[in-house]
Amino acid sequence: MTESALTTVVSDRIWCLERPVWFSGARLRARTTVLRLDDGSLLLHTPAPPSDALADALSKLGPVRWLVVPNCWHHLGAPAAAARFPEARLVAPASALRRNGALKVDLDLHDGQFAKLVPELDALPLAGVPFWDETVFYHRPTQTLLGADIVCSAGANDHFTWRLGARIYGCYGRVRVPPDARKKLSDKGAAARSLRAMLERPAERLVIGHGDIIEASWRDELAQAWRLEGVET
Ligand SMILES: [Fe+2]
């Protein structure tokens with residue numbers, strides 16, 4: 001995995017970058033998603049710390065105008081990205097700012113302003129799981145859902161530490177709610193209502209932060225992962 005390797009997800013509109021991150025002794029893949037908006041500008045979802053090679057690759061796609069921290073955990077690369085792309089506006093939940101004082105947040109993810117400024121995205125907050133405070137986005141032009149930690153999986157492409165961990169946690173070769181959150185689902189009814197709003201979207205794929213992109217089967221896989229935690233959609 002190199003820092004500049006952008007993979008096309010939807011031609012001319014969506015690209016992904018994966019980088020290794022260590023978490024609780026396992027090396028996971030962490031995904032940054034690059035979205036080209038209708039106005040030609042770029043939105044970085046879960047911004048990676050930008051290497052020169054990545055910044056160069058992005059400059060060929062368009063100007064970076066938005067940096068989106070989708071939950072209170074996916075903030076690690078945001079300060080470096082904000083320094084590299086000073087014209088971009090940083091959108092994050094206040095809960096991320098409490099975890100990372102280096103964030104200079106321009107728009108609170110929950111105040112509704114972002115939805116007005118980028119109307120091609122539907123913001124779908126995942127209620128009932130303040131441990132994450134995650135918002136999933138539906139991008140209407142490409143019929144794509146953008147999630148972060150809402151589910152995860154591991155596969156043959158992963159480092160042996162995460163392949164091993166994922167087998168223990170039941171998310172090898174299938175998606176599950178990440179193990180660190182399973183005991184922290186504080187309002188399963190609220191989570192179920194949020195998930196239904198996602199399941200109703202006519203999405204063709206679900207992009208997640210840790211694991212392969214889920215294509216046609218995303219609806220069944222997402223619902224099944226949450227059903228295993230007692231959340232019936
Ligand atoms: Fe994550």
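Predicted model: local features only at pLDDT ≥ 70, side-chain atom pairs only at ≥ 80, totals over all residues.
Two strands count as paired if DSSP finds at least two bridges between them, and by that rule strand S5 (residues 64-68) pairs with strand S6 (residues 89-92), since 3 bridges join these parallel strands.

- Strands S2 and S3 run antiparallel and are joined by 10 bridges, and tryptophan 22 has arginine 27 in S3 as its bridge partner.

**The parallel strands and their crossovers**

- Where S5 and S6 run parallel, joined by 3 bridges, valine 68 stands opposite valine 91 in S6.
- Between S5 and S6 the chain passes through helix H2 (residues 78-84), and the β-α-β crossover made in this way is right-handed.
- Strand S6 is also joined to strand S7 (residues 107-108), again in a parallel arrangement, by 2 bridges, and here valine 91 has leucine 107 in S7 as its bridge partner.
- A right-handed β-α-β unit is likewise made by S6, helix H3 (residues 94-99) and S7.

**Threonine 161 in helix H5**

- Threonine 161 belongs to helix H5, and because its relative accessibility is 15%, where buried means under 20%, this residue counts as buried.
- The side chain of threonine 161 reaches the backbone nitrogen of arginine 27 at 2.9 Å, and arginine 27 is, as noted above, the bridge partner of tryptophan 22 in S3.

**The largest pocket**

- The largest pocket holds about 560 Å³ of space, and the elements that give two or more residues to its lining are strand S2 (14-23), strand S3 (26-36) and helix H5 (160-169).
- The lining of this pocket comprises 26 residues, and those that lie nearest the centre of the pocket are Phe23, Leu28, Asp149, Asp180 and His210.
- By residue type, the lining of the largest pocket divides into 15 nonpolar residues, 8 polar residues and 3 charged residues.

Terms used: Residues numbered from 1 in each chain as written. Heavy atoms only, no water. 1 Å grid on protein atoms, 1.4 Å probe; cavity = no way out; pocket = protein on both sides within 12 Å on 5 of 7 lines; lining within 4 Å. Points joined across faces, edges and corners; volume = space filled by probe spheres on them. Helix = DSSP H or I, 4+ residues; strand = E, 2+ residues; numbered from the N terminus. Nonpolar A, V, L, I, M, F, W, Y, C, P; charged D, E, K, R; others polar. Right-handed = clockwise from strand over helix to strand, strands pointing away. Buried < 20%, exposed > 50% of the residue type's maximum accessible area, 1.4 Å probe, protein only. Polar contact = N/O pair within 3.5 Å; in protein donor to acceptor, adjacent residues only side chain to side chain.
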